[in-house]
Amino acid sequence: MFNSIHEECGVFGIYTNKPANVASSVYFGLYALQHRGQESCGIVVNERGVFNTHKGVGLVNEVFNQRVLDEFEDGKIAIGHVRYSTTGNVNNANCQPMTVRHIKGALAIAHNGNLINALDLRREFELQGAIFHSTSDTEVISYAITRERLECGSIQESVERAMHKIKGAYSLVIMSPKKLIAARDPNGFRPLALGALPNDEGYVVASESCAFDSIGAKFVRDIEPGEIVVIDEKGVDSIKTHCGRPSSMCVFEYVYFARPDSVIEGASVHKARLRAGRFLAQEHPCEADVVIGCPDSGLDAALGFSQESGIPYGVGFIKNRYIGRTFIQPTQGMRENAVKIKLNVIRETVEGKRVVLVDDSIVRGTTSAKVVKLLRNAGAKEIHMRISAPPFISECFFGTDIDSKDNLIANKHTVEEIAEIIGVDSLGFLSTENVVKIAENPKCGFCSGCFTGKYPIDVPDEFPKDKFETKFEE
């Protein structure tokens, strides 16, 4: 939904067989992953064993320009990151990738996901003398790996040993002086894929396959849940010590997070959203004149609803593409006009018509109410809202920005009451039974804990969003 649920990060890594302008490749890869995080970004380039870093708060095109990219020398390995914080404040200390320098060499790491035992691990490390500079899970992971690195022979072995200790969701790209390593948690909560550069020039890893297209790389395969992929001058090696557990990909990757042109675990995201719309039309039919979607993730589901129901599809909104992260709302009046600035109705599509409005979620209901009001003001006669996911009833522990049940409208009101609050004539959510069926022939299972309150692994009783600030501010 427009300005609602956010997901933590996107990661990207590249290994080339000979020195090249790898910073530019990472830059384009991060641009393709910008939808996964708009708060900060960064790139680390391995320049003959020396790590050169540039990162900051802002969008990719705000943090990087041609002058910055020209300051990077050619290298064989580089990693990058785009961030939306589900844990940790928005500041330079929490920007990734993070670099650690220790007696056995440098290490750079970028992380997508959320650990459920980060607080306990951080307390353990601090009691042993560790000093933390950030408030993100990623630094905890880097400490876990570094401690193992001091006791074992290789970086990949230290990652394999650290994975016995870290619990939760993590897709990692890690760079050592000579290797690029990718690792995915044993449940596979977040996506991670391996690609190949043209002409056998090297390999890339990324959160989504759409990032490969941006640099002309070819998708090879998804990295398996629990797998560690090691890329060096010998090629690609795989460690599967942690593989074999039933997978539980976050189903909201298909509903909202991923780009429609990505393929995750063998299933097209675009087709998954079409199927969600088709299921919605079967579960919650209605009589209407036009189906419209709320940009951007509601558009494919709206098309699927239209195809299944036979109700014509129309373009109902124009989204202002030039309003970025730094859009300022200094007064109450400007805050109230924010939706009007970012989203505008095409009156000719909806005026005097019965409208089906398709969106991906309702969290608190405030944004939905504003969007519905825009349609009413444009002359819509009836508005029937359809949501391509079930109601949110529980928090997420694995990287989605739902940290408390208290803020979820579905925990306080029935569907009928929500419809009245947001001002629609009818409201229908996709069922929990069908949301896990929207991906066509996937190679994975799914986590739908935020819709059911049932999780694939044991979770803590409490999980504050800013857990490190809460516990360590004294």
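What share of the contacts in the protein with a separation of 6 or more comes from residues 24 or more positions apart? A few friendly notes follow, starting with the answer.

1. Residues 24 or more positions apart supply 72% of those contacts, a contact being heavy atoms within 4.5 Å.

2. Before going on, please keep in mind that this is a predicted model, where local features need pLDDT of at least 70 and side-chain atom pairs count only at pLDDT 80 or more, while totals for chains, interfaces and linings use all residues. Numbering runs from 1 along each chain as its sequence is written, and side-chain values use heavy atoms, with hydrogens and water left out.

3. The protein has 18 helices and 23 strands; these are DSSP runs, with helices being H or I of at least four residues and strands E of at least two, numbered from the N terminus.

4. The C-alpha trace spans about 70 × 50 × 45 Å along its principal axes.

5. Of the 474 residues, 58% count as buried (buried is under 20% relative accessible area, exposed over 50%, partly exposed in between, with a 1.4 Å probe and protein chains only). The protein exposes about 19300 Å², and carbon and sulfur atoms supply 48% of it; the areas come from the Shrake-Rupley method with a 1.4 Å probe.

6. The 53 positive and 61 negative charges have mean positions 2 Å apart. Lys and Arg count as positive and Asp and Glu as negative, without His and the chain ends.

7. There are 16 aromatic pairs (ring centres of Phe, Tyr or the six-membered ring of Trp within 6.5 Å; planes under 30 degrees apart are stacked, over 60 edge-to-face, the rest tilted). One of them joins phenylalanine 132 and tyrosine 143, tilted at 4.6 Å centre to centre with 40° between the planes. Because phenylalanine 132 sits in the loop between helix H4 (118-127) and helix H5 (137-149) and tyrosine 143 in helix H5, the pair ties together parts 11 residues apart in sequence. Phenylalanine 132 is buried at 11% relative accessibility, whereas tyrosine 143 is partly exposed at 23%.

8. The rings of phenylalanine 252 and tyrosine 256 also form a tilted pair, with centres 5.8 Å apart and planes at 35°. Both lie in helix H8 (residues 252-257), and being 4 residues apart they are separated by about one helical turn. Phenylalanine 252 is buried, at 2% relative accessible area. One aromatic cluster takes in Phe252, Tyr256, Phe257, Phe392 and Phe451.

Key. Charge placed at Lys NZ, Arg CZ, Asp CG, Glu CD.
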